[in-house]
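Subject: Structure handover and interface notes

Hello,

Please find the structure below. My notes on its interfaces come after it.

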There are 4 protein chains.
Amino acid sequence: MTETGGRIVLGPHQYGKAENRVVRIYRDTARHEIRDLNVSSCLRGAFDDAHTLGDQGSVLPTDSQKQTIYTYAKSHGDGSIEDYGLALARHFADEFEPVESARIEIEEYAWQRVPVGGSGHDHTWTRVGPEVRTAAVTVGGSGADRREWVIGGVKDLVILKSTGSEFAGFLTDPFTVLEPAYDRILATSLDARWRFATAPGDWDAAYHGIRAALVETFAMLHSKALQQTLFEMGKAALEAYPGLAEIRFSAPNKHHFAYDTGRFGVPNNGEVFHADDRPYGLIQASVLREGAPDAGIAWDAYTGAV
Amino acid sequence: MTETGGRIVLGPHQYGKAENRVVRIYRDTARHEIRDLNVSSCLRGAFDDAHTLGDQGSVLPTDSQKQTIYTYAKSHGDGSIEDYGLALARHFADEFEPVESARIEIEEYAWQRVPVGGSGHDHTWTRVGPEVRTAAVTVGGSGADRREWVIGGVKDLVILKSTGSEFAGFLTDPFTVLEPAYDRILATSLDARWRFATAPGDWDAAYHGIRAALVETFAMLHSKALQQTLFEMGKAALEAYPGLAEIRFSAPNKHHFAYDTGRFGVPNNGEVFHADDRPYGLIQASVLREGAPDAGIAWDAYTGAV
Amino acid sequence: MTETGGRIVLGPHQYGKAENRVVRIYRDTARHEIRDLNVSSCLRGAFDDAHTLGDQGSVLPTDSQKQTIYTYAKSHGDGSIEDYGLALARHFADEFEPVESARIEIEEYAWQRVPVGGSGHDHTWTRVGPEVRTAAVTVGGSGADRREWVIGGVKDLVILKSTGSEFAGFLTDPFTVLEPAYDRILATSLDARWRFATAPGDWDAAYHGIRAALVETFAMLHSKALQQTLFEMGKAALEAYPGLAEIRFSAPNKHHFAYDTGRFGVPNNGEVFHADDRPYGLIQASVLREGAPDAGIAWDAYTGAV
Amino acid sequence: MTETGGRIVLGPHQYGKAENRVVRIYRDTARHEIRDLNVSSCLRGAFDDAHTLGDQGSVLPTDSQKQTIYTYAKSHGDGSIEDYGLALARHFADEFEPVESARIEIEEYAWQRVPVGGSGHDHTWTRVGPEVRTAAVTVGGSGADRREWVIGGVKDLVILKSTGSEFAGFLTDPFTVLEPAYDRILATSLDARWRFATAPGDWDAAYHGIRAALVETFAMLHSKALQQTLFEMGKAALEAYPGLAEIRFSAPNKHHFAYDTGRFGVPNNGEVFHADDRPYGLIQASVLREGAPDAGIAWDAYTGAV
């Protein structure tokens with residue numbers, strides 16, 4: 001490697017307002033609905049002068065983006081996060097000349113109605129988690145060059161099976177002391193994101209259907225490794241939803257170590273485990289549909305949370 | 001205030017092993033059960049020499065406590081956390097002469113079966129939260145002086161109602177700029193702990209019944225303040241469960257501020273809110289049954305998490 | 001244990017505004033100063049009707065408390081957190097008839113000047129942590145019954161020594177598999193709080209002096225257990241500061257396990273460790289000065305963070 | 001957008017052991033040194049069969065990677081994290097035929113010696129933060145195709161200036177209500193990562209020098225926007241270190257809002273602020289040296305933390 005005497009220049013850049021905590025109540029009838037969101041906006045484009053000259057003439061303040069996000073929550077915030085994200089991204093891409101593309105990232109926190117007298121209460125809910133639904137919408141170009149990308153997802157989906165998982169037949173080296181396991185706990189905190197090639201008719205239904213395909217496959221498949229489980233989960237989702245172009249997973253192997261109670265005269269047949277914190281295996285993989293439209297800038301991230 | 005020339009001496013002290021992450025799988029049949037726990041043990045007693053002399057002769061290592069916690073998970077860890085805590089606390093109080101009292105604090109994380117083909121899968125679950133069930137069991141004394149205290153609870157129970165809440169008629173001072181509110185969001189992340197005077201026949205059923213009394217009251221009561229709501233919630237729980245001696249609440253008022261979209265020509269009739277992080281009102285209150293057995297050391301905390 | 005038919009009544013209660021994130025810049029000269037604070041106010045007193053009747057007539061809104069906290073930051077926020085807390089607590093205790101006592105809890109985040117050209121910059125700093133200075137001030141009663149309590153403290157003070165620590169000669173039971181250790185890492189994340197019997201002339205100097213006494217003792221003492229180390233640390237602080245009545249510690253034993261690299265032919269003589277997360281030993285102890293003024297309600301907590 | 005009937009196939013994938021909490025004590029002399037690390041390993045290559053067939057024959061267990069990480073801490077863990085990372089990445093790239101590239105990500109937590117009697121203690125330290133030094137090393141290919149990339153960095157570097165910052169002259173739209181600011185607090189929690197084109201002689205010295213260039217520029221530059229400040233910071237680092245190819249920033253604009261104490265008759269001339277949590281502006285930018293070697297896979301991330 002050698003040094004260069006090249007000029008120092010501005011490289012890729014983007015900016016926006018991150019983590020607007022929007023709560024949208026739909027109350028046109030006595031039976032209210034709630035959408036609890038964390039919304040981030042991101043603009044890319046001709047903002048070089050703000051960096052190199054300190055000239056803000058092309059910079060829409062992040063405060064203005066915030067006002068827009070909350071105001072659009074009235075008109076577009078009571079439906080799916082994908083539609084709300086599209087409305088915001090189109091606005092920023094359309095209305096501002098310096099903007100080459102706009103990205104909207106949204107987390108949605110789920111709530112369930114409080115059961116009262118056998119049915120759900122009209123306007124009271126409790127939060128359910130830890131899993132969080134996500135969307136990342138990117139809109140770029142104008143006229144014939146207009147393109148739109150939508151990524152849906154779920155994160156922090158903690159899932160565990162207490163049997164039906166093994167790990168054996170692996171490569172060994174001088175540092176290998178791990179014993180093969182033929183019946184172990186398999187657990188992860190799943191982060192999955194899927195790119196749509198075609199918009200489904202109902203974004204919310206698609207979310208629930210894809211999530212169901214993922215967790216059912218995790219449950220039903222006899223696992224030979226988390227790697228295999230992830231691939232089959234992705235395959236199931238893409239088979240069930242032909243409009244999906246690809247799916248990406250990041251999945252920590254949350255280790256549950258069988259505890260040695262035997263030395264105290266108490267046999268432990270896969271019944272008592274220590275759930276360890278760190279380190280953890282971390283498996284990342286994607287499943288693709290051949291021939292799907294290219295991803296373009298769909299995966300170019302902003303906050304890193306979506 | 002004046003200085004004193006008094007001797008410097010050891011005051012109250014306690015120690016133990018905190019946050020043992022025990023997972024107990026019940027697998028005697030093909031339909032498994034899971035108990036996912038965070039267990040802390042705490043011993044109080046004649047451990048002065050460890051502090052003042054560095055003499056460990058009376059100190060049961062925290063590692064030994066850990067081994068006990070995991071081993072007892074086999075025999076006592078597949079039922080209620082109150083029973084498991086009682087078994088551990090009795091063990092430590094009974095078996096070790098220096099121990100004057102033992103406290104076991106447990107968090108339980110909930111899981112739900114993955115739905116497959118219309119029913120829950122036998123051995124696969126997803127985590128549900130954020131709410132966490134808690135218990136704190138204290139056992140002290142021996143022979144006729146033996147006493148036992150059991151506290152159950154729930155924490156991080158996030159609950160929200162989108163109407164049916166007001167706050168008006170308050171005291172004002174020169175720093176008061178708050179306007180009265182006649183229809184606002186009321187939301188909290190509830191931490192509730194209840195002390196049993198009498199052991200119920202079924203700890204798990206009692207937990208779910210008390211939780212239901214709390215959330216139903218939150219839903220049904222027209223709220224004039226979070227203070228009033230908490231009192232009525234506690235009253236409902238104590239009325240439903242005569243074996244309860246008292247209940248304690250800590251409840252942040254999670255502020256949801258109506259967003260001023262009107263200045264952009266978009267009316268906001270309680271539909272769009274900013275969910276603020278900090279600061280927050282924090283209300284703490286207890287509801288007691290007169291004549292209940294005294295609390296003794298039931299509330300003397302250890303980790304602060306339970 | 002038997003059930004009672006007693007009346008259900010309101011028990012102890014308190015409320016306030018928690019976690020006001022106040023930043024106070026002193027800029028009367030070109031060399032600025034910064035105080036970065038997290039301030040919580042808590043009122044106790046005759047607020048029963050708010051709970052039992054929903055009547056807010058005696059309730060000073062938490063929003064009004066917030067306004068006061070920020071406004072007092074101008075007049076009292078550029079000095080020690082103990083003085084600022086006293087000013088606020090006295091205000092709330094003096095001005096409002098229903099208030100029987102007021103508690104102010106403050107965290108202070110430290111900053112250091114950016115070094116430029118050999119000295120610290122006038123108005124630019126970087127944060128230093130993780131340790132946080134704390135204070136909890138309580139003011140109650142009026143006239144001849146007026147009492148004031150001040151607690152100072154530090155939390156999240158992570159300290160480690162790589163030798164000079166042993167743990168041996170402990171009690172054993174059938175669950176004891178721990179081997180005695182004659183040279184181990186001793187590490188904790190210290191939470192220490194000290195109660196003043198007499199106000200020092202300079203609260204800031206007292207903070208730094210007490211902190212120095214604690215960490216020096218941790219460094220210099222050959223440790224036979226964390227219990228012994230804590231006692232000697234507290235003793236050193238009380239000896240150095242005769243105005244202190246007592247000090248309380250909560251100290252996790254952050255386990256560092258020597259890693260078994262020997263099985264790969266690489267000897268490890270106390271050089272390579274795994275820093276484990278959970279579980280951890282948790283030692284809590286207090287050191288008292290005999291004859292010091294009683295603590296009264298000095299330790300009655302609010303947020304639990306201070 | 002149209003659906004495709006394409007085959008479903010495995011896409012990019014990688015795996016490893018994340019967050020090994022290695023503490024390395026150098027104790028060959030009485031004056032010990034400490035390196036406190038969080039190490040993650042990541043392998044890319046011919047692991048398709050593990051995913052598609054459940055065949056682990058090419059998969060080195062993450063447990064074996066863990067053993068290697070701790071064992072190498074003895075031989076390579078007492079120096080810079082860049083050198084340690086290179087040793088590990090070369091090992092994984094060299095020794096395993098299926099591995100096409102290996103990535104090592106490391107966080108280093110800083111400690112400072114406890115001052116005792118005017119100098120730093122030999123074997124006792126306190127943690128300093130919140131800032132964390134980072135490195136990400138990637139080694140790929142073999143023989144003539146061998147390539148190595150080293151990225152250094154710092155994250156969670158919280159920096160603030162109390163004057164010398166403005167924001168004015170920005171683009172406005174119907175949602176713009178922000179007023180221009182001519183004297184405001186500028187604060188961020190900086191995440192900076194720099195790619196080396198040439199290895200410096202001393203990685204540790206380079207780290208401290210680059211960090212110094214960044215914070216000095218933040219302090220000295222009169223800021224017209226965080227965008228401009230970031231660009232000048234990056235430029236300063238690249239000018240000072242000709243071996244740097246590029247630097248990337250992610251910087252939240254941590255808003256400090258001047259508090260309206262004026263309505264209570266107390267003027268606030270840039271002295272009292274509310275430090276808000278969310279939302280926040282988020283600025284991301286890079287500064288490049290023209291003609292520098294291409295980045296290749298240097299930025300392909302694993303844990304997202306480095």
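The notes cover the basis of the model, then the interface of chains A and D, then that of chains D and B.

This is a predicted model, in which local features need pLDDT of at least 70 and side-chain atom pairs count only at pLDDT 80 or more, while totals for chains, interfaces and linings use all residues. Residues are numbered from 1 along each chain as its sequence is written, chains are lettered from A and ligands numbered from 1 in the order in which they are written, and side-chain values use heavy atoms, with hydrogens and water left out.

Chains A and D

Chain A and chain D each give 88 residues to their contact (heavy atoms within 4.5 Å). About 7400 Å² is buried between chain A and chain D, with 58% of it on carbon and sulfur atoms; buried area here is the accessible area (1.4 Å probe) that two parts lose on being put together, summed over both. On the chain A side, the most area is lost by A:Ile8, A:Leu171 and A:Phe175, together 10% of what that side buries.

There are 4 salt bridges between chain A and chain D (a side-chain nitrogen of Lys or Arg within 4 Å of a carboxyl oxygen of Asp or Glu). One of them joins D:Glu19 to A:Arg278, with the closest N and O atoms 2.9 Å apart.

Strand 1 of chain A gives the largest share of the side that touches chain D, 11 residues. Helices (H or I, at least four residues) and strands (E, at least two) are DSSP runs, numbered from the N terminus. Strand 1 of chain A also runs antiparallel to strand 11 (residues 280-289) of chain D, joined to it by 9 bridges; strands pair if DSSP finds at least two bridges between them. In this pairing A:Gln14 stands opposite D:Gln284.

Chains D and B

Here the contact takes 10 residues from chain D and 10 from chain B, and about 820 Å² is buried, 56% of it from carbon and sulfur atoms. In chain D, the residues losing the most area to chain B are D:Phe264, D:Asp277 and D:Arg278, together 53% of what that side buries. Of the 2 salt bridges between these chains, one is formed by D:Arg278 and B:Asp277, whose closest N and O atoms are 2.8 Å apart.

Regards
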